Amino acid sequence: MNLQHLNYFITAVNEGSISKAAEKLNPSQPSVSRHIKAFEESLGWTLFNRGAKSVELTHEGSITYKEGLALLKQVDQTF
């Protein structure tokens, strides 16, 4: 797992779309999409049901989001 992939995923969930996550994080929207797709491939499951302008978490995405938040909090507290 790559922490940048996790951060992009968490930000997309929090912002409600990949485009808004890209605006907040500053890379291009296609770059954020590629990072999230690579994250999904590394995990072996789909995180989002993608719509035209929004994303909806799958069941696995919801679990990954909750666990990912906890992991990022631990990393933040450690460093």
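The model is predicted: local features need pLDDT of at least 70, side-chain atom pairs count only at pLDDT 80 or more, and totals for chains, interfaces and linings use all residues. Residues are numbered from 1 along each chain as its sequence is written, and side-chain values use heavy atoms, with hydrogens and water left out.

A search of the whole structure finds two aromatic pairs (rings of Phe, Tyr and Trp, the last by its six-membered ring, pair if their centres lie within 6.5 Å; planes under 30 degrees apart count as stacked, over 60 as edge-to-face and the rest as tilted). In one of them, the ring centres of phenylalanine 9 and phenylalanine 39 are 5.9 Å apart and the planes stand at 55 degrees, so the pair is tilted. This pair links distant parts of the chain, with phenylalanine 9 in helix α1 and phenylalanine 39 in helix α3, 30 residues apart (helices, H or I of at least four residues, and strands, E of at least two, are DSSP runs numbered from the N terminus). Phenylalanine 9 and phenylalanine 39 are both buried. For phenylalanine 9 and phenylalanine 48, the centres are 5.3 Å apart and the planes at 50 degrees, so this pair is tilted. It too links distant parts of the chain: phenylalanine 48 belongs to strand β1 and lies 39 residues from phenylalanine 9 in helix α1. Phe9, Phe39 and Phe48 together form one aromatic cluster. Phenylalanine 9 has 0% relative accessibility and therefore counts as buried.

Helix α1 covers residues 3-15, and its 13 residues should span 18 Å at 1.5 Å a residue; the end C-alpha atoms are 18 Å apart, which agrees (the expected span is 1.5 Å times one less than the number of residues). At the start of α1, a side-chain oxygen of asparagine 2 comes to within 2.6 Å of the backbone nitrogen of glutamine 4. After α1 comes glycine 16, with a positive phi near 85 degrees.

The buried residues of α1 are His5, Leu6, Tyr8, Phe9, Ile10, Thr11, Ala12 and Val13. Their cover includes α2 (18-25), α3, β1 (48-50), β2 (55-57) and α4 (59-78). Histidine 5 is at 13% relative accessibility and so counts as buried. Its side chain makes a polar contact of 3.3 Å with the side chain of histidine 35 (a pair of N or O atoms within 3.5 Å; within protein, one must be able to donate a hydrogen and the other to accept it, and residues adjacent in sequence count only if both atoms are side-chain atoms). Beyond its neighbours within four places in sequence, histidine 5 is in contact with His35, Ala38 and Phe39 (contact means heavy atoms within 4.5 Å).

The largest nonpolar core has 16 residues, of which Phe9, Ala12, Ile18, Val32, Ile36 and Phe48 touch the most other members (such a core is a set of buried Ala, Val, Leu, Ile, Met, Phe, Trp, Tyr and Cys residues joined through side-chain atoms within 4.5 Å). α1, α2 and α3 are the elements that give two or more residues to this core. α1 gives the most, with six residues.

Technical notes
Buried < 20%, exposed > 50% of the residue type's maximum accessible area, 1.4 Å probe, protein only.
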